[in-house]
Amino acid sequence: VTSDDCVVAVDVGGTTIKAALLDLSCNVVEHLRVPTGRHEGPIPVLDRVLTTVDRLVSVGASVGRPAVAVGIACLGAVDEEGGIALDSGNVGWRDLPLRRIVTDRTDLPVTLENDIRAGARAELCGPLAGLSPLLYVALGTGVGAAVSVNGALLRGAHHLAGELGHVVVDPAGRSCVCGARGCLEAEASGPAVEARYATATNQQRVAAAEVLARCRNGDPVARAVWDTTADCLARGLAAAVAVLDPAAIVVGGGVALAGPDLFEPLRSALRRHYRLGKPPPVMPARHTDASACLGAGLAAWELVQREVVWS
Ligand SMILES: [Zn+2]
């Protein structure tokens with residue numbers, strides 16, 4: 001094992017497979033983005049993941065940066081000890097022994113982790129390491145969260161810890177994919193922003209990024225949509241803060257790219273909804289949509305028990 005060694009990190013998302021060859025400082029030596037292509041079904045998605053791993057392993061071998069482990073972050077419920085993708089939502093994997101499949105393919109040690117917990121692994125280390133507990137929330141197509149206690153990520157008794165997206169923030173709200181109504185995910189995800197704006201303007205749906213652009217250009221309806229979204233998110237966070245009393249909250253995922261347009265109304269709404277004390281600091285994620293891939297790489301390095309030089 002030498003300082004030339006690398007790990008392969010893969011984040012299997014509903015839209016994109018993001019993968020990278022990472023060195024010991026988690027610098028990116030090579031990276032790939034491949035459409036998940038979930039409409040083709042679960043087996044082609046698996047083939048695409050395996051091909052992506054193969055490509056990065058061979059790139060590493062060709063430049064003298066051999067891969068010594070593989071870390072995989074996967075959406076949905078994951079049995080991390082058993083290495084099984086239990087239910088990967090619209091990718092269609094059920095009880096897939098993904099870790100064994102990748103081990104058989106590469107002959108390397110492999111870790112498998114839920115993508116939100118992997119993202120938290122990357123976001124909650126560095127300057128925040130040493131603080132406990134910490135809450136990481138990812139706002140994207142869905143809403144997920146992870147809790148770190150004394151540096152360890154909570155998994156839950158049924159691999160479902162951190163499902164903050166299914167805390168009800170508006171009992172009369174929108175229908176959620178889980179079957180309930182007014183879940184945080186139905187009220188504060190990217191699609192929720194889009195749906196709320198379309199309803200308010202009685203126009204065709206536009207992307208959440210476009211709603212944000214209109215908000216910045218002074219569109220009062222877009223501003224109100226972002227404020228309502230921030231208020232719903234604050235209700236969910238207030239519940240989590242009451243349970244956990246976290247030292248800090250990190251918010252990532254695509255919706256968090258809105259920056260101050262989200263974080264300023266979010267912080268003031270959290271002060272309205274959490275009254276037991278001063279709410280914890282709410283900060284944007286450092287690695288945005290690369291968090292889960294980086295976290296998968298960190299898990300792979302931890303597996304091969306190398307001290308990761310990470311800042
Ligand atoms: Zn729900």
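What percentage of the 311 residues of the chain count as buried? The figure is 52%, where buried means under 20% relative accessible area, exposed means over 50%, and partly exposed lies in between (1.4 Å probe, protein chains only).

This is a predicted model: local features need pLDDT of at least 70, side-chain atom pairs count only at pLDDT 80 or more, and totals for chains, interfaces and linings use all residues. Residues are numbered from 1 along each chain as its sequence is written, and side-chain values use heavy atoms, with hydrogens and water left out.

**The whole chain**

The chain holds 9 helices and 13 strands. Helices (H or I, at least four residues) and strands (E, at least two) are DSSP runs, numbered from the N terminus. The radius of gyration is 20 Å, close to the 19 Å that the globule rule gives for 311 residues, so the chain is as compact as a globular protein of that length. That radius is taken over C-alpha atoms, and the rule is 2.2 Å times the number of residues to the power 0.38. Along the principal axes, the C-alpha atoms fill a box of roughly 55 × 45 × 40 Å.

Now the contacts, meaning heavy atoms within 4.5 Å. Among those with a separation of 6 or more, 60% join residues 24 or more positions apart.

Strand β10 (residues 143-149) is mostly covered, with 6 of its 7 residues buried. β10 pairs with β9 in the antiparallel sense over 6 bridges. Two strands pair if DSSP finds at least two bridges between them. L135 stands opposite V147 in β10. The two strands, β9 and β10, form a hairpin with 3 residues between them.

β10 also pairs with β11 (residues 152-153), antiparallel, over 2 bridges. Here V149 has A152 as its bridge partner. This hairpin has 2 residues between the strands, and N150 takes a positive phi near 50 degrees.

**Backbone exceptions**

Most residues other than glycine have a negative phi, and most peptide bonds are trans. The peptide bond from S132 to P133 is cis, with omega near -10 degrees. P133 lies in the loop between α3 (115-123) and β9 (134-139).
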